[in-house]
Amino acid sequence: MATDRIPRKVGVVGYGRLGQSLVSRLLAQGSELGLELVFVWNRNPGHMVGSVPPALQLQDLDTLEGRHPDLVIEVAHPKIIHESGAQILRHADLLVGSPSALADQTTEQQLLEASHRWGHAVFVARGALWGTEDINRLDALGGLQSLRVTMATHPDGFRLEGPLAAAPVGGSRTVLYEGPVRGLCPLAPRNSNTMAAAALAAPSLGFDSVVGVLVADLSLTDMHVVDVELTGPPGPTGRSFAVHTHRENPAQPGAVTGSATVAAFWRSLLGCCQLPSRPGIHLC
């Protein structure tokens with residue numbers, strides 16, 4: 001069983017744009033932060049050649065135990081959490097970079113069971129979600145009545161599956177989906193992580209009652225726009241408490257991950273390293 005400790009040995013699963021940024025920072029700054037990168041795994045090992053030292057390249061994810069990680073960071077794809085999340089928790093804490101995976105109730109339950117069985121924590125990066133703590137506090141006080149998250153970007157920035165992949169984009173702005181976040185996550189697993197984080201921050205509403213809206217906007221060639229709208233109970237005059245945040249995140253054309261999200265994930269990594277390794281799912 002794990003004891004409460006600051007993670008020291010870190011493994012990274014996934015070597016796309018976010019994984020590359022994390023690996024670069026860990027190699028450059030890890031020692032001064034008390035963090036040691038012990039492995040990097042990618043579904044296509046060839047992408048690591050020439051940039052990841054051979055000694056750090058892990059060829060088989062099932063052999064990660066031999067690297068003795070304290071924390072494994074997933075920045076690959078929700079499938080990794082579905083297929084290997086519970087197994088990773090047998091050996092280390094897990095920082096989930098694809099929270100859309102938790103929209104699958106079976107996966108969420110498997111992670112919780114493994115977390116409690118092995119005494120390791122499931123940390124979830126908030127990503128592009130603004131106001132996470134405020135949403136969570138309002139929810140804990142019983143004052144959150146509705147939560148709606150709209151993510152808009154150029155169609156080239158989407159990685160859609162199922163019927164959404166064939167959805168026509170008509171005009172300059174097209175609403176591709178509007179409904180429960182649980183229904184969106186399997187159709188847009190890489191574009192719904194902010195919405196999934198919102199569902200986790202508001203457990204009284206959860207994946208079934210937090211509303212996700214996905215918008216294709218041809219004018220947004222170099223940014224992702226996230227609007228978070230929430231309402232609370234009416235006050236003495238009958239008017240309801242309401243908050244609306246509007247976040248513009250610069251992004252390279254066609255990129256899934258915005259520039260600010262990369263920086264936010266690094267802060268999530270440093271944040272979870274200051275938290276105790278306790279069972280359960282924790283936003284950071």
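**The annotated domain and the pockets**

Tutor: For "domain: Aspartate dehydrogenase", UniProt lists residues 173-262, in an unreviewed entry. The model examined here is a predicted one.

Turning to the open space, the largest pocket holds about 780 Å³. Its lining comprises 41 residues, and those nearest the centre are Leu18, Arg190, Asn193, Val256 and Thr257. Two or more lining residues come from each of helix 1 (17-33), helix 2 (78-88), helix 6, strand 9 (223-234) and helix 8 (259-272). Helix 1 supplies the largest share, 3 residues. Sorted by class, the lining of the largest pocket has 19 polar, 16 nonpolar and 6 charged residues.

Helix 6, one of the contributors to that lining, spans residues 193-201 and is mostly covered, with 9 of its 9 residues buried. Among these buried residues are Asn193, Thr194, Met195 and Leu200. Asn193 is also one of the residues nearest the centre of the largest pocket.

The second largest pocket contains about 170 Å³ of space. It is lined by 13 residues, of which Pro78, His82, Cys185, Pro186 and Pro189 are the closest to its centre. Here helix 2 gives the most to the lining, with 3 residues. The classes in this second lining are 6 nonpolar, 4 charged and 3 polar residues. Helix 2 also gives two or more residues to the lining of the largest pocket.

Note on methods:
Residues numbered from 1 in each chain as written. Predicted model: local features only at pLDDT ≥ 70, side-chain atom pairs only at ≥ 80, totals over all residues. Heavy atoms only, no water. Buried < 20%, exposed > 50% of the residue type's maximum accessible area, 1.4 Å probe, protein only. Helix = DSSP H or I, 4+ residues; strand = E, 2+ residues; numbered from the N terminus. UniProt positions renumbered as here; feature names shortened; annotations may be inferred. 1 Å grid on protein atoms, 1.4 Å probe; cavity = no way out; pocket = protein on both sides within 12 Å on 5 of 7 lines; lining within 4 Å. Points joined across faces, edges and corners; volume = space filled by probe spheres on them. Nonpolar A, V, L, I, M, F, W, Y, C, P; charged D, E, K, R; others polar.
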